[in-house]
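Dear colleague,

Please find the structure below, handed over for your records. My findings follow it.

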Amino acid sequence: MSSQPQPIFLDGATLEGGGQLLRVALSLSALTYLPIHIWDIRANRARPKPNQPTGGLKPAHLAAVEWLANATKAETQGMFKGSSKLLFAPLCRGPSGASSGVRDQSSSQAKNGLAAGVWQNVYDGDTLSRRDSHIRLNSPGSVCLILQAILPYLLFHSLDNTSTAFQDREGRAASIPLRVTIEGGTNVSNSPSVEYFSQVLIPLLVEKIGIPEIATTIIKRGWSSGRADVGVVQYDLMPFTHGSKLSEFELSNRGEVTRMNVSILAPGSSVRNSLRKKVTQRLLASYPDTDILYPIDEDTGSGARLYLLIVAETCNGYRLGQDCLWGRKINSATPDSVAETVIRALERELDKGRCVDEYMQDQLVVFQALAEGTSKVESGKNARATLHTQTARWVAAQVLGLTFDEQGNCSGCGFRVGENYMERRLDEAVADLEKVRIA
């Protein structure tokens, strides 16, 4: 560890004091190669059972840590289930050049810039077609929270992931497609669902912020309610090209709601029809001029599994969602109760006037921090940042030295894909010292 700089120390009990602090810190550390040391991980989480310790790494958190550690060849301490401390120190690599994308029978995964056990090259004949990775959980821990932790690395990582076999519109070498398959829970309590990610988060990141397309394929659903069941989700994406940067973005002028997208997952046609009827009546009463669509109407096959997501889509292309995962036995009163809960939450959210909902706000912080220039997210009327958002901003400030103003605007670090960010930070520090010496 002597060749590494001193780690950035983070108190895991700060603000929200849960998994979000860990995920944001891991995302930024993996990209920048700045080592971090977190203690009291998830200290503010309730005890799962009496006499059991609070917090610590659960299987889904550990899966993300292990994957990023393998991908960055990080040195770690405390990387085990239940650990309340974690030292994560990626081994720094400099920029790498483009590869031909043609199979070299003498090349190993390491020679191709691939971390052992993380990526598998997939060929079409002798030509590289994509790179695959697989993350497995034995329990229905949230697939989406794992993706949240590793997505910035997938998009901006410094691997040798540019090939002449893929070209952009100008004929330049482009990124190699990635496929990440995650086994875990698709619909999990206290976690974003795969539906929320695919209908709200990913469209906003692609259409409003400018990240490359991400395709989601649910191979099998995984539930935390009813009998615990492990699912499988596949994500296909194209990373940013080597040397590129994410431009600053502004999310403002939400516009009027023009459409409601309602996703229903419930057992049997009777429950689903009852839920659809109640949702339709309530939405038409509150939003008579909106279209109501039902993109998902699916039988869960279990009397203890019901999920409802309502996404409000505006004339300016913003999407705000609210949902409910019902984890108890379903009776005749359940559809009305669930519908009323979700619609009231959505009404409160829309009344705030902001462009993103409470669950989206904190997930934009990493992208604000990495972008070049000042990125702005309209906060709405009398709408304070959520505790998760405050936590994410605190982590970005600690790791990257950034500042968020009262409106949540931030001048990002201008991360360049493939750069040695840690070296840049050291050069900037030396330059600042030189200015002081000259003065």
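Is aspartate 40 buried, partly exposed or exposed? The model, which is a predicted one, gives aspartate 40 a relative accessible area of 37%, so this residue is partly exposed. Aspartate 40 sits in the loop that runs between strand E2 (36–39) and helix H2 (59–72). Its phi is near 55°, a positive value in a residue other than glycine.

Lysine 73 also has a positive phi, of about 55°, although it is not a glycine. This lysine 73 belongs to the loop between H2 and strand E3 (75–77). With a relative accessible area of 40%, lysine 73 is partly exposed.

I turn next to helix packing. Helix H1 (residues 19–32) packs with helix H9 (residues 387–400) at an angle of about 30°, and their axes are 9 Å apart. Since angles under 35 degrees count as roughly parallel, H1 and H9 are therefore roughly parallel to each other. Their crossing is right-handed. On the H1 side, the contact is made by Gln20, Leu21, Val24, Ala25, Leu28 and Thr32, while H9 contributes His388, Thr391, Ala392, Trp394, Val395, Ala396, Val399 and Leu400. By class, the contact of H1 with H9 comprises 10 nonpolar and four polar residues, with no charged residues.

The buried residues of H9 are Thr389, Thr391, Ala392, Arg393, Val395, Ala396, Val399 and Leu400. These buried residues pack against strand E1 (8–11), H1, E2, helix H7 (358–361), helix H8 (365–370) and helix H10 (421–438). Just after H9 comes glycine 401, with a positive phi of about 75°.

The crossing of H5 and H6 is right-handed. From H5, the residues Val271, Ser274, Leu275, Lys278, Val279, Arg282, Leu283 and Ser286 meet Pro335, Asp336, Ala339, Glu340, Ile343, Arg344 and Glu347 of H6. By class, the contact of H5 with H6 has seven nonpolar, two polar and six charged residues.

Yours sincerely

How values were computed: Residues are numbered from 1 along each chain as its sequence is written. This is a predicted model: local features need pLDDT of at least 70, side-chain atom pairs count only at pLDDT 80 or more; totals for chains, interfaces and linings use all residues. Side-chain values use heavy atoms; hydrogens and water are left out. Axes are lines fitted to C-alpha atoms, for helices over the stretch in contact, and angles run from 0 to 180 degrees between N-to-C directions. Helices (H or I, at least four residues) and strands (E, at least two) are DSSP runs, numbered from the N terminus. Angles under 35 degrees count as roughly parallel, over 145 as roughly antiparallel, 65 to 115 as roughly perpendicular and the rest as oblique. A crossing is left-handed if the near helix is turned anticlockwise from the far one by less than a right angle, and right-handed if clockwise. Contact means heavy atoms within 4.5 Å. Ala, Val, Leu, Ile, Met, Phe, Trp, Tyr, Cys and Pro count as nonpolar, Asp, Glu, Lys and Arg as charged, and the others, Gly among them, as polar. Buried means under 20% relative accessible area, exposed over 50%, partly exposed in between (1.4 Å probe, protein chains only).
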